Amino acid sequence: MGSGVRALMRRKQVDSERTRAAGSAHQLRKELSVTQLVAIGVGSTIGAGVYVLVGTVAREHSGPALTLSFLIAGIAAALSAFCYAELASRCPSAGSAYHYSYICVGEGVAWLIGWALILEYTIGGSAVARGISPNLAIFFGGQDSLPWILARHEIPWLDVVVDPCAAFLVFVVTGLLCVGIKESSFVQGVVTVLNCFVMLFVIIAGSYVGFQTGWVGYKVAGGFFPYGANGMLAGSATVFFAYIGFDSVASTAEEVKNPQRDLPLGIGTALSICCTLYMLVSVVIVGLVPYFAMDPDTPISSAFAKHGMHWAMYLVTTGAVLALCSTLMGSILPQPRILMAMARDGLLPSFFSDVHKTSQVPVKSTIVTGICAAALAFFMDVSQLAGMVSVGTLLAFTVVAVSILILRYVPPDEVPLPSSLQASLRLSQENDEEKLRGTLGDDDHEQGSAEISDVVVESINDPLIEKQLYASNLNETKRRRTAACSIASVCIGVLILTTSASATFLPFLVRCFVCAFGGLLLLAGLGMLCWIDQDDGRHSFGHSGGFICPFVPLLPVMCILINTYLLINLGGGTWMRVGVWLVMGVFVYIFYGRTHSSLTDVVYVPVAEANEIYGQSSSSGFVA
């Protein structure tokens with residue numbers, strides 16, 4: 001039991017130039033700049049949902065206040081983006097949230113995050129691919145008019161509706177991703193720019209019509225907040241998922257030319273562009289048509305049609321198809337890199353870590369990802385499983401925020417030393433001992449050692465030095481212990497608070513009492529984190545010189561609170577299906593990952609001592 005717990009808690013080291021050189025056979029090509037990162041982030045985030053979401057949320061939750069719902073959701077997403085930006089610049093390696101949690105939290109949590117992200121990207125890519133065929137049907141006059149290769153077909157004896165168009169598009173995207181990151185990012189950039197032009201058309205043309213007609217949507221009887229502030233906040237919780245996708249930028253960290261500068265810029269710029277476009281589109285569409293008269297399925301097309309612009313339907317549908325294609329690429333792109341990162345760490349077979357010599361992308365992982373996504377898109381109607389996509393993302397957002405707190409207050413002060421370097425350490429210690437004996441002589445060795453020991457003991461026994469050393473070590477140990485308990489208090493308090501607040505079946509007084517208890521734990525932990533000092537080791541953790549997340553600990557704690565609340569409210573059916581997948585992952589870890597992990601035989605030593613050992617091994621020509 002003790003060894004199993006230690007396995008769950010073991011943490012790996014941030015990839016350094018030394019470790020990258022040792023594993024150069026599995027390294028990805030650095031090709032990406034800020035422009036390409038922005039294209040990946042915007043393309044992965046702005047899906048076809050925005051062309052539908054504005055109508056549904058405006059009718060049911062926000063009304064004319066839809067713009068504020070998008071703004072609040074964008075601010076909430078920015079909290080996670082700040083956390084991702086710091087960790088991506090400090091730890092620029094493939095794997096995204098899996099990689100960060102493995103370094104800061106531990107192997108057990110990292111495995112669950114990686115396993116959940118595998119499910120997210122597979123189902124997400126399949127769901128996006130299944131949505132392309134219905135949009136194409138608009139150009140042909142309906143589903144029945146689609147060509148045979150593009151139409152869906154029912155297999156009577158299996159009661160299954162297959163979608164060859166979806167599977168074909170997944171294979172096309174998979175082949176493009178296998179060619180190289182530079183080529184695939186260029187294509188995604190072109191598609192994303194075209195989609196943005198369609199959205200700009202909606203904004204500009206819609207504004208012209210709005211000024212001509214007097215913005216009738218803002219003159220409704222219910223006012224700007226027909227459903228009140230609660231309705232606006234409920235709309236924010238719904239449209240928050242429209243911002244999911246910027247984390248795809250972090251998964252390409254290893255392929256960025258200047259990650260310390262470009263990754264934070266790419267994440268921040270992509271999220272800002274998405275938020276701006278969402279808000280401008282919602283301002284225009286809500287103003288053209290009263291919120292209660294919106295078509296929930298095609299709000300943008302129907303808004304233009306009511307003002308005599310029927311031809312705009314085809315342009316808006318083109319934008320939706322482009323958005324789906326770009327999102328499909330953004331869904332399939334990260335998963336092979338997560339599989340590769342997990343295989344590098346020994347948690348999955350080494351097959352997934354192979355990098356093609358020419359294209360320098362994980363071709364085998366990409367092909368496996370494409371086959372699985374294409375099979376799901378071809379055979380299954382994954383719309384009912386779409387909620388499972390959000391679980392992986394929200395879990396990743398939460399753990400990344402927790403990792404920021406750990407990095408700032410209790411960063412790892414020990415690093416794993418491989419078994420090969422343990423042998424080098426023993427050899428180095430034996431050589432040092434022989435040199436000492438040769439210098440002092442065999443007869444004088446014991447006498448010299450005794451004299452040195454007397455000097456050391458005399459120095460340590462000095463009252464002033466002894467008091468300073470003891471106080472310094474005691475204060476640092478106490479600070480780290482207090483910080484760790486405070487982080488745990490925050491996490492437990494958030495979980496109790498969000499669970500009890502969502503448990504509507506409980507009596508009112510019981511809910512209030514439990515919420516108050518959770519809130520006290522949360523505030524106590526947050527107050528203690530604000531009071532104590534952050535760890536000095538944070539300055540040297542990972543790669544320095546990158547983005548620093550502001551307002552710590554308040555910003556990560558707010559991020560944890562928001563994401564946990566959204567997780568709790570995803571519904572029991574979604575959690576049941578995700579639970580089955582996570583249980584499968586636990587068995588895979590127990591029977592394979594735990595025993596094949598690259599940290600199985602390591603010994604943890606202080607950072608300074610590890611650097612000295614690496615220096616000695618490199619000078620002696622020993623390679624780990």
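1. Helices here are DSSP runs of H or I with at least four residues, numbered from the N terminus. The model is a predicted one. Under that definition Ser282 belongs to helix α13, which covers residues 259-288. The relative accessible area of Ser282 is 0%, so this residue is buried. Once neighbours within four places in sequence are set aside, the contacts of Ser282 are Leu66, Thr67, Phe70 and Tyr218.

2. The largest nonpolar core contains 158 residues. Tyr51, Tyr84, Ile285 and Ile300 are the residues with the most contacts inside this core. The element giving the most to the core is α18, with 15 residues.

3. With neighbours within four places in sequence left out, Tyr51 is in contact with Asn195, Val198 and Met199, with Asp297, Pro299 and Ile300, and with Val316, Gly319, Ala320 and Ala323. Ile300, one of these partners, is also listed with Tyr51 among the residues with the most contacts inside the largest nonpolar core.

4. Another core, of five residues, lies apart from the largest one. Its members include Leu417, Val605, Ala610 and Ile613. Val602 is placed in the loop between α24 and β4, the latter spanning residues 603-606. A relative accessible area of 16% makes Val602 buried, because the cut-off is under 20%. The C-alpha atom of Val602 is 4.7 Å from that of Pro418, although 184 residues separate the two along the chain.

5. The largest pocket holds about 1400 Å³ of space. Its lining is made up of 50 residues, and Gly47, Ala48, Gly49, Val128 and Leu324 are those that lie nearest the centre. Two or more lining residues come from each of α3 (34-45), α4 (50-62), α7 (107-130), α8 (132-139), α12 (247-251), α14 (299-305), α15 (312-332) and α18 (387-409). The largest share, eight residues, is from α15. By residue class, the lining of the largest pocket has 23 nonpolar, 21 polar and six charged residues.

6. The second largest pocket holds about 1100 Å³. Of the 34 residues in its lining, Val105, Val109, Val402, Ile406 and Cys491 lie nearest the centre. The elements giving two or more residues to this lining are α1 (2-9), α7, α18, α21 (463-502), α23 (554-568) and α24 (572-596). With seven residues, α21 gives the most. The lining of the second largest pocket divides into 25 nonpolar, four polar and five charged residues.

7. How many disulfides does the model contain? With a disulfide taken as a pair of cysteine sulfur atoms within 2.5 Å, the count is zero. Cys165 takes part in none, as the nearest cysteine sulfur, in Cys325, is 8.7 Å away. Cys165 is buried, at a relative accessible area of 4%.

Note on methods. Residues are numbered from 1 along each chain as its sequence is written. This is a predicted model: local features need pLDDT of at least 70, side-chain atom pairs count only at pLDDT 80 or more; totals for chains, interfaces and linings use all residues. Side-chain values use heavy atoms; hydrogens and water are left out. On a 1 Å grid over the protein atoms alone, a cavity is a set of points where a 1.4 Å probe fits but cannot get out, and a pocket is an open set with protein on both sides within 12 Å along at least five of seven lines; lining residues have an atom within 4 Å of a point. Grid points are joined across faces, edges and corners, and a volume is the space filled by probe spheres set on the points. Ala, Val, Leu, Ile, Met, Phe, Trp, Tyr, Cys and Pro count as nonpolar, Asp, Glu, Lys and Arg as charged, and the others, Gly among them, as polar. Buried means under 20% relative accessible area, exposed over 50%, partly exposed in between (1.4 Å probe, protein chains only). Contact means heavy atoms within 4.5 Å. A nonpolar core is a set of buried Ala, Val, Leu, Ile, Met, Phe, Trp, Tyr and Cys residues joined through side-chain atoms within 4.5 Å.
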